Amino acid sequence: MQGGTESSRLSRLSASAPLDSLDEAPEANRRPRRARTALSFEMIPPRHDADEAKLTELIEGLAAYNPDYLAVTSSRRSGWLEGTAKFIERLSTTTNFPTIAHLACTAGTEEELSEWIRRLIDSGVRGFLALRGDLPEGEDHLPEGYLQYATQLLVLIREIEEENAYRLAAGKLALSVACYPSGHAESATPDLDLDVLLSKQRLGADFAITQLFFDAEDFLRFAQETRMAGVRIPIIPGIMPMTSLKRVERMGVLSGIEVPAHVRDAFEACSDAEEEYEVGMQMSTDIVQTLLDAGVGGLHIYTHNNLAVTADLLSRCGIEPK
Ligand code: FAD
């Protein structure tokens with residue numbers, strides 16, 4: 001799918017600079033070579049009228065891959081954290097996998113978020129993805145009483161973690177944050193994105209998950225730039241299976257990323273939905289294969305609660321249920 005120059009640049013990057021070697025830490029401090037690539041699934045709290053049998057099939061189907069953790073999104077559609085908490089409770093009682101709750105500043109005031117963090121810890125959550133959330137249409141900040149940036153939420157979660165230190169035994173909460181290989185729509189420059197990620201690391205983020213991206217090179221370039229800027233936490237690529245142009249365009253709008261011409265052209269050359277699916281999944285497979293060849297430590301799959309598509313993509317990449 002990539003042009004000649006890009007491909008050869010990428011193979012040079014992959015061959016001469018696997019991601020581990022981008023660490024500038026002295027040899028002895030480097031992490032040992034990873035035994036296996038981490039795998040995590042992002043899930044959406046189901047609607048009230050969700051088909052129970054399908055939901056059970058989804059959870060069991062994803063669990064069969066023995067994921068390292070399951071992350072549950074939070075949005076207005078599912079009553080913000082109400083839906084997230086309920087789904088996490090279900091996952092915790094039906095699987096043995098650690099769960100991570102997405103928590104966005106947009107979900108409530110600082111006081112409300114504090115209560116939610118405590119409630120989620122009470123219900124067994126030991127990890128969060130700390131987010132700002134998208135600003136309401138036409139607004140350039142959140143209302144008074146709301147935290148304005150993900151960095152402030154990180155600080156709040158670490159404070160509540162300290163309150164609960166005795167209950168968490170020796171453990172800490174695992175804190176993840178978002179980052180953007182293709183830039184965040186509101187950031188004036190890529191440097192601001194790097195500075196923000198460095199702040200997140202400084203304020204206690206343990207790892208970062210990326211927004212979707214359409215070219216493996218965007219991720220690899222970003223990974224290299226973040227390492228050179230001093231980011232040492234793991235950066236995990238967020239993978240969106242591309243199943244149709246309509247879906248890709250929708251996801252592009254939601255995440256503020258333009259669909260590149262080569263992706264659009266590939267879809268537009270298709271004659272029906274079946275061909276679009278095949279072409280899209282091949283592009284997604286190529287991205288994952290390139291990342292695996294470059295030595296990424298983990299894959300985070302945006303499942304959109306679609307087991308068939310997730311399983312198909314993983315199978316094309318040689319990853320089968322355990
Ligand atoms: P921030 O890191 O706060 O950044 C927001 C903007 O402000 C950026 O442009 C940044 O450069 C700038 N900025 C940050 N700090 C400062 C500062 N101190 N001074 C000046 N500028 C600053 N959204 C949901 O609502 N629910 C979800 O479940 C959800 N899941 C997601 C999962 C992943 C893996 C990702 C990548 C995104 C997810 N999102 C979700 C979307 C996310 O909320 C949006 O991308 C949002 O627009 C930005 O969130 P953030 O945490 O990156 O914000």
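Which residues of β4 are buried on one side and which on the other? The close-up views below, taken from a predicted model, begin with the strand order and return to this strand.

View 1. Nine parallel strands are arranged in the order β7-β6-β5-β4-β3-β2-β1-β9-β8. The edge positions belong to β7 (235-236) and β8 (238-239); each has a single partner strand, so one side of each lacks a neighbour in the sheet.

**View 2. Strand β4 and its two faces.** Gly 127, Leu 129 and Leu 131 are buried on one side of β4, and Phe 128 and Ala 130 are buried on the other, so that both faces are covered. Because five of the five residues of β4 (residues 127-131) are buried, the strand is largely enclosed by the rest of the structure.

**View 3. The partners of β4.** Strand β3 (residues 99-104) pairs with β4 in the parallel sense over four bridges, and Ala 101 stands opposite Phe 128 of β4. A right-handed β-α-β unit is made by β3, helix α4 (residues 110-122) and β4. The pairing of β4 with β5 is also parallel and has four bridges; here Leu 129 has Ser 176 in β5 as its bridge partner.

**View 4. Strands β5 and β6 with helices on the sheet.** Four bridges join β5 (residues 174-179) to β6 (residues 207-210) in the parallel sense, with Thr 210 in β6 as the bridge partner of Cys 179. Helix α6 (residues 190-202) packs on the sheet and touches β5, β6 and β7, its direction making about 175 degrees with that of β5. Helix α11 (residues 307-316) also packs on the sheet, where it touches β1 (38-43), β8 and β9 (298-302); the angle between the directions of α11 and β1 is about 160 degrees.

How values were computed. Residues are numbered from 1 along each chain as its sequence is written. This is a predicted model: local features need pLDDT of at least 70, side-chain atom pairs count only at pLDDT 80 or more; totals for chains, interfaces and linings use all residues. Side-chain values use heavy atoms; hydrogens and water are left out. Two strands pair if DSSP finds at least two bridges between them. Contact means heavy atoms within 4.5 Å. Axes are lines fitted to C-alpha atoms, for helices over the stretch in contact, and angles run from 0 to 180 degrees between N-to-C directions. Buried means under 20% relative accessible area, exposed over 50%, partly exposed in between (1.4 Å probe, protein chains only). A crossover is right-handed if, with the strands pointing away from the viewer, the path from the first strand over the helix to the second runs clockwise.
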